[in-house]
Amino acid sequence: MAEIVTRVLDGDFAEVALVVMNAEGPKPLPRFSRLRKPRRHHLLFNLYQRLDTRLFRIDPDAFAPVDLEARLAGVPRLDVVPLRPRVFEHRFNPSDVAAVDAHNLDVLFRFGFNIIRGEILNCARHGVWSFHHGDNRLYRGSPDFFWEMYERERVVGTLLQVLTEDLDAGLVLYRSWSRMDPTSLYRSRNSAYWKTAEFAPRRLRELYEYGWDWIADLPGVGPSEAYEKDRIYKTPTNSQMLRFVARLVGGVTLRRVRRILFEEDWRIALRRFDGESQATSMLRLVPPSDGRWYTDPVLVIDDRAAHLFAEEFDLRAGRGRIAHALVEADGTVAPLRPVLERPYHLSYPFVFRFDGDWWLIPESGENRTVELYRCVSFPNEWERAKILLDDVFAVDSTVLFHDDRLWLFTSIAVDGSEVGDELFLYSARSPLDDWVPHPLNPVVSDVRRARPAGPIIRMGGALVRHSQDGSRRYGYAICLNAIEELSLSAYREVPVTRMEPRRKWRNRAMHTYNRAGGLEVLDVQQQHLRSVGSLLPHRRSAAS
């Protein structure tokens, strides 16, 4: 809430014209209130929330209180005591409605009230905007995200909507999906809340720059769909919490046992491409070398030779660099050699050719930059030519040349949120030009298909964008999305199929796919049983 208000105060697209404070105040608690049945009934849930927050609290903390009184000192303030015809419903007195209406507002935000009904819903030109933390087609009620975790959902939805008299039935202005953390309710909430805080400033800026009709025509903006369940969720009882905690402890224990017994690595797989298949069987695995993993492969063709660029991740240093190898016609890969290293992590080397020059955009999110490198001597020598984006945590930047423009697809995370949830789009006439953000940014807000997973390719005359599905785990699967519209004012894509890891090959995840020169390349995460020696504790020598 404080972030949204601060963004409005600091921005040039809106102003805070009125603060409406709920002056209802807390009701006095009767004696021995802690022994009342409702409190006892939800005791375990309250204890779980406190313990979960204490164990997993991180910065920035979306639930830390923020004092905005000084920032709002010059803004008119109206204290109201709402009517409460029902336990969770608030209505405004006619005099308060008239006082709010007199300020001629464009938008009201519901922050400090319960379910709002009555004439107050019509006091702002574009209604009362409210957040719903959960997919309102599947989860209504409270607490936020708990029942998704209880029912083992992999994603949680969040949305910004315009309130109506009917609960959760208004116009949806923004909808997004995030990964559900299977271990911590607090961490799931914290990440999703920070991302959700971006929705309101984005829509307000668009309202200022383009108008309401433009927003109403955006993809995903429209009436709320019908609720698919016959229950409204409520705070879990103690018996429900016992089942929840038992499953939670069992899941944590199982994951720890797996980490003890198994080890994982990332490696590259290649095969000849017959023009139809999608990496259903692999000709050759490029095994990781001692203490190193190889991932994020990209194939390019130069002088009829196939070149493989990839991330070489040093496990001891905990940092990646860009490596290169030649690929023979039969799929044999020469040893990978480093070609670009920085004092920060590099990965996902996107190599492309433009006007006869070779260019490289590696992932450099640790440096909070998107960097462009020009080739001095292909393929081994590169120099930084420009910083395309600065002070952003962006990953897996991918370039497409289409309609005489370069299009940059990249996944950017706001502070506090998970990377990979949202896809941003930029364009330029040439690599060294200024890259212009797309007016629909982010063009995708869904952890199941936002983050790029390799070059965009043409399949059957259509542009197909490969993206990562990070809902189950990091880089779990690859989603293929057909780009139906791409222009300076529009973007639309639809998922068409998926590529998932196959257990018979011991694959657990896959997150980059590419093909060129009659070859397909893919990275896979594999799981191996640890050696007996690595499981046994090491005895110290007497000298040590």
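Predicted model: local features only at pLDDT ≥ 70, side-chain atom pairs only at ≥ 80, totals over all residues.
## Overall form

The protein has 544 residues, and a compact globule with that number would have a radius of gyration near 24 Å; the value for this protein is 26 Å, which agrees. Taken along the principal axes, the C-alpha atoms fill a box of roughly 80 × 65 × 45 Å. The secondary structure consists of 10 helices and 30 strands, and 50% of the 544 residues count as buried.

## A buried residue in a strand

Strand β17, which covers residues 357–364, contains I361. Because its relative accessible area is 1%, and buried means under 20%, I361 is classed as buried. Along the sequence I361 and L388 are 27 residues apart, while in space their C-alpha atoms are 9.4 Å apart.

## Patches on the surface

The nonpolar patch, of about 350 Å², is made by V257, I260, L261 and L529. Helix α9, which spans residues 238–261, gives the most to this patch, with three residues. L529, in turn, belongs to strand β30, residues 519–529, and L529 counts as exposed because its relative accessible area is 59%, where the cut-off is over 50%.

The charged patch is positive, and R154, R258, R472 and R503 gather in it on the surface. One of these residues, R472, is found in the loop between β26 (462–469) and β27 (477–486). With 33% relative accessibility, R472 counts as partly exposed.

## Salt bridges between strands and loops

Side chains of opposite charge can pair when their charged atoms come close. A search of the whole structure finds 45 salt bridges, and a few of them are followed here in detail.

In one of these pairs, the side chains of R292 and E312 meet at 3.4 Å, N to O.

Another salt bridge joins D391 and R368, whose closest N and O atoms are 3.1 Å apart. This pair links distant parts of the chain, 23 residues apart, since D391 sits in the loop between β19 (381–390) and β20 (393–402), and R368 sits in the loop between β17 and β18 (369–377). D391 is exposed, with a relative accessible area of 55%, while R368, at 29% relative accessibility, counts as partly exposed.

## A further pair and a network

E484 and R492 also form a salt bridge, and here the closest N and O atoms are 3.0 Å apart. E484 is partly exposed, with a relative accessible area of 46%, and R492 likewise counts as partly exposed, at 36% relative accessibility. Elsewhere, salt bridges that share partners join R86, E89, R91, R117 and E165 into one network.

How values were computed:
Residues numbered from 1 in each chain as written. Heavy atoms only, no water. Patch = residues over 30% accessible without salt bridge, like charges linked within 9 Å, V, L, I, M, F, W, Y side chains within 5 Å. Areas by Shrake-Rupley, 256 points an atom, 1.4 Å probe, with all protein chains shown as cover. Salt bridge = Lys/Arg side-chain N within 4 Å of Asp/Glu carboxyl O. Lys, Arg positive; Asp, Glu negative; His and termini not counted. Charge placed at Lys NZ, Arg CZ, Asp CG, Glu CD. Helix = DSSP H or I, 4+ residues; strand = E, 2+ residues; numbered from the N terminus. Buried < 20%, exposed > 50% of the residue type's maximum accessible area, 1.4 Å probe, protein only. Rg over C-alpha atoms; globule rule 2.2 N^0.38 Å.
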